[in-house]
Amino acid sequence: MTKAFLRAENIVSGYGKLHVINGANIHIDEREMVTVIGPNGSGKSTLIKTLIGLVKIFDGRVTIRDEERGWLDVQTRKRQMKPDEIIREGIPLGYVPQLNNVFPSLTIEENLKMGLFVKKWDSYYHERSEQIFESFPILRERINQRASLLSGGERQMLALARALMPAPKLLILDEPTAALAPNLAEEMLQLIVSLKNTAGISILLVEQRAKRSLELSDRGYVLVTGMIAAKGPAKELLSEDKIRKLYLGDRAKKEKEVG
Amino acid sequence: MKRVDVSRFSSLVRKHPELLIGLALAIPVVLLYLYALTTLEVKSKLLFSTASALLVFFVGAISLDLEVGSLGLPNFGKVAFFALGAYISALLYSVYDVSYLVAVITALIISSLFGYVLSIPTVRLRADYFAIMTIAGGEFIRFVFQNEKRWLWAPSILPPHTPTQIISNRAKIELTNISPFNMRLGDMDIYHVLESIENLLRIRIFTALDIDQLFVWEVTLLTVFFLIALATYWFIERIRRSPYGRTLRAIREDDITVTSVGKDVFRFRWQVTTISAFICGLAGVMYAFSFNAFEASDFRPELTFVLYFYVIIGGLGNGKGVFVGTALVTLFMQAASVEAVQRNIYMHVGPDSPLFGSFLEILQLDIFINPFNMRYVVLGTILILFLIFKPGGLIPEPRTDNEKYLSLLTPYERARSDEAVSARQSLTEKERLFEGTEDENDS
Amino acid sequence: MTLPNLLNHATLALVYAGVLIMLTIGLNMVYSVLKFSNFAHAEWVTMGMFASWWFLQILSYILPWDTAHLLNNLFVHAVFGFLIVGIFGILGEVLVFDRLRKLKAGLDSAIVASIAIGLIVRNFLAMVFGAYPEPNRAICPTCTSQPSLPGFLPDLNNIVTIKLVENDPIFGTQWIRINASGILIIVTSIAMVLAIDYVFRHTKFGIAMRATADSIELAQVSGVDTRRIVHYTWFLAAGLTGMGAAIYRPYLTGPFNSLTGLYMLLPFFAVVILGGVGSFRGGIIAAIIIAYARQATVVIFSWFQYPGGLEEILEEHIGFTITFSPGYADAIPFVILIIVLLIRPRGIAGSVEATRERV
């Protein structure tokens, strides 16, 4: 219970009167990769939207480095920080949504600039973009193309690159491998792991490819109907029978059990 | 006795909150109309024009409602079909000497043909492009009637009979001149029956409204219009209740799903556009009887917009709502266009007014608040209020009775369907509420 | 057979193209950012005309000594038109469109709402400033209704005439004739398009605006205050339209009234759809095409009506003809709209498809 980078305690959140998350505890340490898995409709996306402040919290609290911000909001967070502060220290959280994660009619350069939507962005853009292009060489080649011309994998890259522009300490990814071919998905996951290893960014991942992402992660959570059903080091979760059966095992078995 | 009435009324209001809004709109409108009636010497003139406008526009509005309410196609070119129906029937009869029945049938055929032709390039378009294209189509028809002097202009009544844009409606003029249609109701035997009813009830309602001053042709016309309106209403409600109507509503809600079950959405769209064009052409033929003579500039896009007032205030997707909307708006429009009302309800705020005169002189303002313009301001405001606060209108579309169809399913299918419905509902609820929280956050 | 005065027709068409460019920028902006067609745009034009005319009246009344037009000039009126109409643009968003969007109302309710707003504004203007057929109502009879440029600039009605040929047996009379007002329209329209195009492409505000147009949610997550962007878009779009209307007004020969803008609505939509939603440079090309097509219709159709023209030839040889009236010029936008939507629904350089999403 010491020195967690982000800690969410007993959070209850949802839309209007509808509670989707019912008292979840979750924490992410620095330089750690955490995966959240769970069946469809268990509230995975809502959980991370709550963490970044897109969904209102009814109860509980979210802290970053033990500093409480009940209402974490990417927008206001960015506006409160001075541009050079962002460049020097980076913002706490970066977020890559699941769908519609690039601006199709903007060029790649403009997309990256949108990641750095701060005052006087031009001076910082070059500094940051050079670092980004080292990890994503393909984007440098197509800098003036519209994002709508990119392939699915390249779009995901761009979305990731845009989230990395303001140098987040913790990157929150909502199913980054959805709608990608298996080999591209593997590439994507490897890229995310390398971000953790080289740049020292913590990763919170929500994944459908539960087995593979747990293998790469340090720890994992299993979310069922808005509550944490199981947690622990990824290796342990992988070997646990019940979870294997429900989320990692073969489909025929699961169908039989359900209906 | 009274207490029972009140409680019944309040429970009614609780059940149908629309009733209160309806009354709030209807009472001032009826009062204004009664005021307009008192200013007139022959009150039945206004009654006739109101009743005929109501019936004509009801037919037009219900044909629009079939497109907008049932299918979700915002057709803004209805005026074109009014113009085609009115023009072609009048032109063929008065200039080309075709028999009136043939003239009307030709007008209806041309009108539905134009509806079909216009639908070819437009049914694939997004709603706003569809709206622009139909407005343009309506304007195009007007340009044709304005410019085609060789074929579509009529020789003027006075010598030297040069062609003019003005078409005189010979059918109406003849109708008003033949016996017995040119007689007043008061001179007919049947009026004595009305009088005896009056004496029996001891209310002098027919006398007060100058019913005896009505011409026989006016009564006949109203009867025919009423029958046409009733038939149209019956026909369209019949379409709505049929499986065909259900498909239309399904297309309105989600055209992609309907395509995925193998229905050709575009075919339904052009069919409805054509049917609606036919009915609207009929309304146009009826509309021609409002005038002794008319010209192309009588058919401006405003006519279509007025139809939207009827449909949206009354309630999209059901004939009763359209009738209520048409009745309310027509009463209001007719009352506001009475000359005495225009003269009396009138406010002039200018430099010579005692209150802010000098202020207005500096501002160089000289404002005439007149009913003619004010009625559009009022109607436009009411329309927007309805769109925001009561999108269903005064009488919302009745919900389909799901139970009837669900009972056909096997228990397993039933369970699956319930699951899907609840998932769908929670999803839409989520989406809506999500929007709400975001906005709160913003402000 | 002599040629008609083609050069003069070309000049007229050029000015008309300028008017179309100037007055469709706002429509295009609203269209591309908010994805719906604003039918109240016509009333912004009318309102801009009335606002600038009204300010002229006020200024002439309170500043009678300003004969050099240092304060009471067209540019000041145009700025006033910009502010007034811009504020009304924001009002429409706050009072109506924002609420409709929150209700998740469909595209058609937004269209109906914009038409209703147009109707309200049109009739409101008619009550305040005078309705059709009465032109604008001035209470200060000595005040002029024609604005002027500042004293050191030429009068707006100064006509430049360049005669190339006169009474030639083949070419007839060919001249270019344009007044200062027409030149001002052309210059302003080009300047406005270049400025807006620059803002859209290269400034942070423009990129944020396009990002909002792409996806409101993602723009919010990226730190854009989308509500403010939407308000600025309405203000700028309405304001530029009001300003353009103020600059266009002195060019009108006859009086204007509360319906003037409405009559131009269809050409506006034709320009935006032909040019492509979101593309201001496409709009220039589209405006030129439509203006020249319109003027060409006038020339050709009146030529058909001359003795020995097509109408007579058809009558003689086939025994049937229709009337080729120059009045059909007003139907040209409709014809162009149909052709565009059938052949290339995206327009010349647009990004929005006109057709419904296909399965």
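Q: What percentage of the 359 residues in chain C do buried residues make up?

A: A residue is buried if 20 or more other C-beta atoms, placed from the backbone, lie within 10 Å of its own, exposed if 12 or fewer do, and partly exposed in between. In chain C, buried residues account for 53% of the 359 residues. This is a predicted model, in which local features need pLDDT of at least 70 and side-chain atom pairs count only at pLDDT 80 or more, while totals for chains, interfaces and linings use all residues. Residues are numbered from 1 along each chain as its sequence is written, and chains are lettered from A and ligands numbered from 1 in the order in which they are written.

Q: How many helices and strands are there in chain C?

A: Helices (H or I, at least four residues) and strands (E, at least two) are DSSP runs, numbered from the N terminus. Chain C has twelve helices and two strands, in the order α-α-α-α-β-β-α-α-α-α-α-α-α-α from the N terminus on.

Q: How many residues does the contact take from chain C and from chain B?

A: Two residues are in contact if their C-beta atoms, placed from the backbone, lie within 7 Å. Chain C gives 54 residues and chain B gives 57 residues. Among the elements of chain C that supply two or more residues to its side are helix H2 (41-62) and helix H3 (74-102). The largest share, 15 residues, comes from H4(C).

Q: What share of the contacts in chain C with a separation of 6 or more joins residues 24 or more positions apart?

A: Such residues account for 76% of those contacts in chain C.
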